[in-house]
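Please read them alongside the coordinates.

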Amino acid sequence: MTPARLSLNQWTTRRWSLREAVDGCVRHDIHAIGLWREAVAEHGLAATAKLVTDAGLRVSSLCRGGFLTGPDLGLKDNRAAIDEAAALNAACLVLVVGGLPGISPGGGPRPGFSRDLAEARVRVAEALALLAPYAAERGVRLALEPLHPMYCADRAVLSTLGQALDLAERYPAEQVGVVVDTFHVWWDPEVLTQIERAGERIASYQVSDFLVPLPADTLLGRGLMGDGVIDFGPLTAAVDAAGYRGDIEVEIFNADIWAADPDEVVATMKRRFAATIG
């Protein structure tokens, strides 16, 4: 791994506007950025594409599509996300597949919600079957992201890399891949075997640490590499051995980091990346 592959996921420096994040990448000699759709919409799709291209940056990923378990399988919004990823020449569109029907992210069950986890996973497969050809026609690679099991109910009914690969392997590798996010997969006793299995299907490698104790809002339990419990060496070596040569995103959701000076966050991030990832 080399620092030249370091990518700043936009959410790590959430205080920055999209333009400020792009300028920050240039100022700190970072050559790739992971974008979020909300920020792209605010800045304008065409304007964002021009801004990133003019800055000489790669778009390592677009976050996010997914939430495929609702009544309409999220098809309209996901087709729009695919079109956006194509316009940005993003390396992949990250799909967070969604939780149980009737439960919104971070929220409680709504009347009539479903406890049928198996059926929710069937919905994900059905949606992917409809979206994968649409993405392929537009040259966009879909990237299924398994999330830590604590998010199964409200964000992602795919909890392991193995589950994500079971779906992805129904399609060509260049059409549907997977995300290896250290925060979400470090705990899995099969993770190294599944990274080897993934091989060329690894569409994105995202890194952040797993903090203990977790905060009350577990979504914000990510930290800078070295601040938590993850052993990054074996994970990074496995991703490298699997043949992944793409950008490596630092993606951190953490209230204290968001409140800090973004320039200081990025400077520290670069030092931690060099020390823990390579």
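**Remarks on the predicted model**

1. Asp 209 is found in strand β8. The model is a predicted one, and in it Asp 209 is buried, with a relative accessible area of 0%. From Asp 209 to His 184 the separation is 25 residues in sequence and 9.6 Å in space, C-alpha to C-alpha.

2. The largest nonpolar core has 85 residues. Within this core, the residues with the most contacts are Leu 35, Leu 93, Leu 142, Leu 144 and Ile 195. Helix α5 (residues 117–137) supplies the largest share, nine residues. Apart from this core lies another, of 11 residues, and Trp 11, Trp 36, Phe 253 and Trp 258 are among them. In soluble globular proteins, nonpolar side chains tend to be buried together.

3. How do α4 and α5 pack, and at what angle? Helix α4 (residues 75–88) meets α5 at about 25°, and their axes are 10 Å apart. Because angles under 35 degrees count as roughly parallel, α4 is roughly parallel to α5. The crossing of the two helices is right-handed. On the α4 side the contact is made by Leu 75, Asn 78, Arg 79, Ile 82 and Asp 83, and on the α5 side by Ala 127, Leu 130, Leu 131, Tyr 134 and Ala 135. Sorted by class, these are seven nonpolar, one polar and two charged residues.

4. Is helix α6 (residues 161–168) mostly covered or mostly uncovered? Six of its eight residues are buried, and the helix is thus mostly covered. The buried positions of α6 are Leu 161, Gly 162, Ala 164, Leu 165, Leu 167 and Ala 168. Their cover includes α5, β5 (142–144), β6 (176–181) and α8 (191–198).

5. A cis bond joins Cys 63 and Arg 64, with omega about -10°; Arg 64 is found in strand β3 (residues 58–66). The bond from Val 212 to Pro 213 is also cis, with omega near -5°, and Pro 213 is found in the loop between β8 (209–210) and β9 (222–223). Most residues other than glycine have a negative phi, and most peptide bonds are trans.

6. Phe 67, which is not a glycine, has a positive phi of about 50°. Phe 67 is found in the loop between β3 and α4 and is partly exposed, with a relative accessible area of 26%. Asn 89 has a phi near 55°, again positive in a residue other than glycine. Asn 89 lies in the loop between α4 and β4 (93–96) and is exposed, with a relative accessible area of 65%.

Key. Residues are numbered from 1 along each chain as its sequence is written. This is a predicted model: local features need pLDDT of at least 70, side-chain atom pairs count only at pLDDT 80 or more; totals for chains, interfaces and linings use all residues. Side-chain values use heavy atoms; hydrogens and water are left out. A nonpolar core is a set of buried Ala, Val, Leu, Ile, Met, Phe, Trp, Tyr and Cys residues joined through side-chain atoms within 4.5 Å. Buried means under 20% relative accessible area, exposed over 50%, partly exposed in between (1.4 Å probe, protein chains only). Helices (H or I, at least four residues) and strands (E, at least two) are DSSP runs, numbered from the N terminus. Axes are lines fitted to C-alpha atoms, for helices over the stretch in contact, and angles run from 0 to 180 degrees between N-to-C directions. Angles under 35 degrees count as roughly parallel, over 145 as roughly antiparallel, 65 to 115 as roughly perpendicular and the rest as oblique. A crossing is left-handed if the near helix is turned anticlockwise from the far one by less than a right angle, and right-handed if clockwise. Contact means heavy atoms within 4.5 Å. Ala, Val, Leu, Ile, Met, Phe, Trp, Tyr, Cys and Pro count as nonpolar, Asp, Glu, Lys and Arg as charged, and the others, Gly among them, as polar.
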